[in-house]
Amino acid sequence: MKSVLRFKEHLLPVRGLVLSGPSSSLLLQYLHCYSGAATQWQNERVPIKCSDLLDEFTTYCYSRDLPRAMKALNSLQTHKIWADAVTYSELIKCCLARGAVEQGKRVHQHVFSNGYEPKTFLINTLMNMYVKFNMLDEAQALFDQMSDRNVVSWTTMIAAYSSAKINNKALEFLIFMLRDGVRPNMFTYSSVLRACDDLSHLRQLHCSILKVGLESDVFVRSALIDVYSKMGQLECAMCTFNEMVTGDPVVWNSIIGGFAQNSDGDEALTLFKRMKRAGFSADQSTLTSVLRACTSLALLEVGRQIHVHVLKFQRDLILDNALLDMYCKCGNLEDAHQIFSQMVEKDVISWSTMIIGYAQNGFSRKALELFKEMKVSGIQPNYITVLGVLFACSHAGLVEDGQYYFHSMKKLFGIDPGREHYGCMVDLLGRSGKLDEAVKLIREMKCEPDAVTWRTLLGACRVHRNMDLAEYAAKQIIKLDPSDAGTYILLSNIYAHTHKWEDVVDLRRSMKERGVKKEPGCSWIEVNKQIHAFIMGDNSHPQIEEINKELKQIIWRLKEVGYVPDTNFVLQDLEGEQMEDSLLYHSEKIAVVFGVMSLSREKTIRIRKNLRICGDCHLFAKLLAQIERRSIVIRDPIRYHHFQDGICSCGDYW
């Protein structure tokens, strides 16, 4: 070291010499080289060209020539020479780009060899390399060795544990960081926020962010909005968004995405309009969220408008999948198939979305054909893919095929059956009238059956008129979901049909005590880029009188071709004409009639509904589609119903 100082003193008198860029780097390398090899030069008097070795190594690192760089590294190691930290960082970047784990470890060994002490910057770079290689134990070990940790060191580990979903570790490291006297920055907070899965912890972090004045940072604000949205705290997310004027599209994307992910499509679309009016351009992330909003509301025309914006960007797999999902969920399988066939790249999500799209819309054979194509393509099915296949089997009545895939999914695809797979099998057996086998399967489930599983059995009991088993299934649903008004009403009707009037009274009393009220039916239809909502008993629509008049005329026409209102879907405390009148004003009937009045014959009438379609409205839609020669699509929370020529794609089972 003294020789280096003397060498520096020798250079100092050279006034006016200013070195920068490669020259300064070369000088520093030379000085470093001199300190490491001076003794060898003096003792052995061998003229080692240290600068040549370093130049060669530096050139290979910056040109990302990994094999030659590693060979040059071996020469440095042999001669006990070290390069500067920036050069090593370039080599580490090269290792990351190539996925070269062993070479990365070799760099680590070199920079710590022979007592050399690398700078904090280089240790952070190595630590980041291990994180990117998903080698958290190695990163942690390196972190533990550090004598001097800065904000980058702590943030690297916090971000690593956050990304790995080891949330308790990420939060723990933040506490240790503060105790160590290191002040977190915007990257620290944005990382640790994403590890927050407890609302009380989130609020404490939010307070801490306000104290240090980082609430206006784009990354921190975006992370806060994301996490509040993930927890369903949309009001808090909106408050965070509204706290100050938003000058960055990242924050807009977070709030739009938050509402879209929480199925509040209306607010997501409203925010998207605000964003456009504020002068911000939509990017791929924005459009993905907006498409998700259109999907939740089944807004095909709005979705098509967003599709136009998508075409302005280069083909993007995530966006293509979002488009595909939107068209499938809006019941437009023609456009969905076109998107799918034009996709340059398809992943398991693409295939699964299309398979489920066909299955949910009642086109089971096409779904199973596509599944065969997927296997030929070499894409490995996942949990969701198999769910779509079982769904398709249940709708096509393919009991043997469904049982084969269910019982061999672990062996064929390495996937353990989950609750949803069991539900599909209960549906499949129930559709085919094998109610005893369905009950047996429920009892054999490795996981506890949920309310959805029992509702599936209840639906099968209703179709096959097994009242005893229906009563049992309904009671199980009420145990698991005491607020399910639909099941109370169905059970009440079962009691009424079997003349168990005391049970009807007890059930109604139980509903009243628990505050259970039937959610009013609501249906939406999109006409001329506007959404029209119809709620049973609500006469606020400006054309409601015309609609009701047209509805009554259509009912008379349908009765002439055999329509008889099915009063099994009405509360039993109504009688005669009252029961028929109650059916008359179901929201989906009003929405369909409005569609007949407002849309040309060649346009499909598309309805989105909040409750399961009742049997009477199903019959109404089938007959109306036949006599009007119209195509009608009704999407409820359970199924998609395509009505055409007096037939429904569900096969009258839903």
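Analyst: A salt bridge here is a side-chain nitrogen of Lys or Arg within 4 Å of a carboxyl oxygen of Asp or Glu. The model is predicted. By this rule, 22 salt bridges are counted.

Start with Lys622 and Asp652. Their side chains form a salt bridge, with N and O 2.9 Å apart. Lys622 belongs to helix H34 (residues 615–628), while Asp652 is in the segment after strand S6 (647–648), so the bridge ties together parts that are 30 residues apart in sequence. Lys622 has 15%, so Lys622 is buried. Asp652 has 39% and is partly exposed.

Next come Lys500 and Glu471. Their side chains meet in a salt bridge at 3.4 Å, N to O. This pair links distant parts of the chain, 29 residues apart. Lys500 sits in the loop between helix H29 (485–497) and helix H30 (501–514). Glu471 sits in helix H28 (residues 467–480). Lys500 is partly exposed, at 32% relative accessible area. Glu471 has 13%, which means that Glu471 is buried.

Arg431 and Asp427 form a salt bridge of 3.3 Å, N to O. Both lie in helix H25 (residues 419–431). They are 4 residues apart, about one turn of the helix. Arg431 and Asp427 are both buried.

Salt bridges can also join into a network. Arg64, Glu90 and Lys93 are linked in this way.

Note on methods. Residues are numbered from 1 along each chain as its sequence is written. This is a predicted model: local features need pLDDT of at least 70, side-chain atom pairs count only at pLDDT 80 or more; totals for chains, interfaces and linings use all residues. Side-chain values use heavy atoms; hydrogens and water are left out. Helices (H or I, at least four residues) and strands (E, at least two) are DSSP runs, numbered from the N terminus. Buried means under 20% relative accessible area, exposed over 50%, partly exposed in between (1.4 Å probe, protein chains only).
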